[in-house]
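Dear colleague,

Please find the structure below, handed over for your work. My notes on part of its strand pairing follow it.

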Amino acid sequence: MLYFSKLRIISVIVFTVIFSYFAFSNFVKFDDKFFSKNINLGLDLQGGSYLLLEIDNRPVITQKLQAKIIELKRYFKEKKITLKNFSLKGDTILFETTDNEIENVKNILNDKESDVNTYYPTYKSHEFDVLENGNLFSLNYSRYGLVLLKNSSLDQAIEIVRRRVDEVGTNEPNILKRGNDRILVELPGLDDPNRIKSLLGKTANLTFQFISQNNEESFGTEKLSFEDGSRDAIVSKRIILSGDNLVDAKPTMNSQTNETVVSFSLDRVGAKKFGKATSTGVGKQLAIVLDGKIISAPSVREPIIGGSGQISGDFTFQSATDLALLLRSGALPAPLNIIEERTVGPDLGQDSIDAGILSLFIGFLLVILFMIYKYRAFGLIANLALVSNLFLLIGILTLFEATLTLPGIAGIILTVGMAVDANVLIFERIKEETKNEKNPIIAFDAGYTKSRTTILDANITTLIAAFILFFMGSGPVKGFSVTLGVGILTTLFSVYFIARLLTSLYVVKNKDKEQLL
Amino acid sequence: MRNISFNKFYRKFNILSLVLIVISLVFLIFKGLNYGVDFKGGTLIELRTSDKTNNISLIRDSFNQMNLGDVSVKKFGNETDFIVKFEKQNSNDPEFIKNIQNKLSSSIGDVDFRRVENVGPKVSSELLKSGIIAISLSLAAMLLYIWIRFEWQFSLGAILAIFHDVIITLGIFSIFSLEINLSIVAAVLTIVGYSMNDTVVIFDRVRENLRKFSDIKIFDLTNISINETLSRTIITSVTTLLALLSIYLFGGEILKGFSLAMILGVIFGTYSSIYIANPILVALNVSQRTIVKEEKD
């Protein structure tokens with residue numbers, strides 16, 4: 001166990017030097033192209049916000065089901081098949097057919113080429129599960145139909161969230177899918193998450209609807225309240241124009257009234273629709289509705305045909321900017337709820353870094369002093385192994401651009417404390433061996449050999465704990481498992497290559513001395 | 001090598017452990033654990049006031065006026081730093097935290113929210129579930145590993161030792177109402193690993209000695225093995241404790257609970273390797289035949 005070939009000595013040295021260089025590049029800026037990676041600091045250390053958003057798909061599902069009813073009606077009408085008594089009960093579409101059409105309807109709905117109930121060969125499932133009871137049919141989203149719906153609404157939502165976050169302009173936001181109805185947003189360095197939170201909390205569904213004068217609208221009416229809560233108005237359900245047709249929006253100053261407004265421009269289709277509606281509706285009040293609340297309801301004085309307009313309301317410059325931003329980035333397919341938020345201010349992050357480094361330094365020093373006190377020359381060897389262990393650990397974390405969190409720093413300190421264990425096991429074993437074996441080289445060799453299985457056993461148990469923590473833990477705790485797990489690997493390397501190399505050099509040189517250890 | 005008769009006290013310490021476990025279980029069952037917002041849901045705010053005359057009761061009063069459910073206020077390190085926890089968390093109102101900060105500033109002067117954690121009920125129950133799964137999974141993995149490496153008598157000893165450490169550590173957290181959060185789960189998992197590590201080292205020696213000496217009874221054999229590995233046990237525990245103590249004292253308030261759990265775990269883990277794991281080998285009457293028979297199979 002004590003023999004090292006030249007090649008091996010050189011590779012150990014090269015390996016250690018390279019990783020120490022990686023480690024140091026975090027603290028000293030070497031100006032080179034060779035290596036430019038850094039350890040990422042977790043949100044708990046650099047400050048920032050972690051937001052977990054959950055999409056509320058219920059409105060989307062209802063919307064899709066309603067659209068489906070219309071589609072079914074139209075489709076079967078074309079086929080000259082009578083369906084009647086359509087209704088939506090919970091998430092189930094119900095309808096009836098005549099007795100002699102039952103088979104026909106069933107075949108259409110369960111056909112793999114069906115136009116109204118798409119079949120997904122990869123999932124071996126239709127979009128809807130069809131049940132029939134006599135002439136009563138009920139349609140429910142199948143498991144995969146629901147998964148696909150949720151996925152597509154999540155993809156859409158992520159896109160919108162990304163646009164909104166980018167518009168605010170934070171540095172390196174991290175936006176990730178979590179499961180099929182959650183979005184994780186990490187915003188490093190963000191001091192005040194309130195603005196982003198309120199931007200992400202809005203669906204931003206913009207519609208233009210006429211305020212109805214009489215209650216005899218063909219599309220039906222709904223009662224909506226004004227944004228400021230002052231009053232209600234009866235609004236026609238007919239949507240003149242929606243936010244989808246907007247191509248741009250920005251806050252501007254209206255020079256006549258001297259108030260802040262949001263001016264918008266429309267795409268071609270939107271401009272045409274808007275022009276047509278405003279020319280027939282001169283004199284009517286047009287309600288501008290955002291997420292079910294009326295922002296304002298100006299009277300149409302003349303047809304607006306240019307494809308641009310203004311939204312007034314009691315805006316401050318900030319709220320006009322935010323509304324413009326929301327309109328530019330588009331509406332979310334469904335409302336998002338913030339179900340978890342963790343925000344750390346930048347000064348607390350810095351305090352944590354300082355405390356972490358201080359405790360690492362002190363813990364390291366205490367362990368080093370204790371080892372020298374216990375083992376003298378061999379304590380020094382163990383300490384050299386410990387120092388290189390620390391460099392290797394930080395070097396590897398840098399190489400993989402791992403995220404260092406406060407618990408991660410604790411993991412490094414803990415590694416320092418536990419890393420000496422392997423060397424202690426070896427040294428204690430050597431001590432025992434020297435009692436019966438006068439030749440130090442043989443005794444040292446035996447010490448290394450006989451302690452090996454124990455060391456492996458002991459480290460594998462900790463590695464198991466680290467592994468499980470890595471797969472089950474989240475955020476900062478995951479950082480702990482990474483440093484703990486990588487720390488075990490670097491410990492084994494530093495003990496079996498670095499410390500053993502130094503020990504063998506020392507023993508061969510001093511083999512004639514009495515009582516080496 | 002020292003020669004301390006650890007085995008003379010097997011019975012006494014076993015009774016002590018049993019008493020500690022019973023007390024811990026009674027507390028865990030009847031008083032329960034003090035879950036933090038990670039597992040209970042709610043809001044945590046670490047705040048720093050600009051006015052040094054602000055005290056806990058003043059801050060609590062201001063929060064109580066805001067109708068946020070059960071409010072708890074604690075000092076956190078500096079005299080201007082406080083941790084406030086309350087039940088309410090409002091995911092549908094993005095202005096929730098901002099409003100609290102505004103109200104607070106008007107009643108007690110400028111406050112800086114250094115840290116905000118807001119966990120909804122769904123997330124907290126998921127976190128609790130995954131925490132419990134993680135700990136159970138790690139126990140199962142340890143059991144499996146040691147079952148492969150050793151005979152079943154040893155596995156039983158090691159697993160009981162781990163249970164002992166985890167139950168007593170959690171018991172102490174329950175008795176003193178210390179907060180259980182995500183980092184405590186990490187600490188418990190590390191304790192499991194450490195306790196196992198410590199036990200395995202002694203067991204490896206016991207097994208080696210079982211092969212070497214056929215005429216020594218397991219009662220004395222465990223004692224020899226404990227003594228032979230004693231200096232390693234002490235040195236490793238000391239260095240680990242030195243590192244942990246450094247985290248506890250200098251690592252900042254956030255790591256206090258984590259390092260305390262670890263310190264307790266290391267102390268009980270070291271103790272249990274000697275006084276739980278080994279007496280079980282004695283009770284199961286492990287002999288040379290136990291391992292020879294296994295090895296023949």
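**Strand pairing in chain A**

A:Phe226 stands opposite A:Ile294 in E18(A). The model is a predicted one, and this pair belongs to the parallel pairing of E12(A) with strand E18 (residues 293-296) of chain A, which has 2 bridges.

Strand E12 (residues 221-226) also pairs with strand E13 (residues 232-236) of chain A, here in the antiparallel sense and over 5 bridges. Within that pairing, A:Glu222 has A:Val235 of E13(A) as its bridge partner. The hairpin of E12(A) and E13(A) has 5 residues between the strands, and A:Gly229 takes a positive phi near 75° there.

E18(A) is also joined to E17(A), by 3 bridges in an antiparallel arrangement, with A:Leu290 opposite A:Lys293. These two strands form a hairpin with 2 residues between them, and A:Asp291 in the turn has a positive phi of about 50°.

Strand E17 (residues 286-290) of chain A is mostly covered, with 5 of its 5 residues buried. In a regular strand, side chains alternate between the two faces of the sheet. On one side of E17(A) lie A:Leu286, A:Ile288 and A:Leu290, and on the other A:Ala287 and A:Val289; both faces are covered. Strand E11 (residues 206-210) of chain A runs antiparallel to E17(A) and is joined to it by 5 bridges; A:Thr207 has A:Val289 as its bridge partner.

Is A:Ile305 buried or partly exposed? A:Ile305 is partly exposed, because 13 other C-beta atoms lie within 10 Å, whereas a buried residue has 20 or more. Its C-alpha atom is separated by 7.8 Å from that of A:Lys276, 29 residues away along the chain.

Yours sincerely

Key
Residues are numbered from 1 along each chain as its sequence is written. Chains are lettered from A and ligands numbered from 1 in the order in which they are written. This is a predicted model: local features need pLDDT of at least 70, side-chain atom pairs count only at pLDDT 80 or more; totals for chains, interfaces and linings use all residues. Two strands pair if DSSP finds at least two bridges between them. Helices (H or I, at least four residues) and strands (E, at least two) are DSSP runs, numbered from the N terminus. A residue is buried if 20 or more other C-beta atoms lie within 10 Å of its own, exposed if 12 or fewer, and partly exposed in between; C-beta atoms are placed from the backbone.
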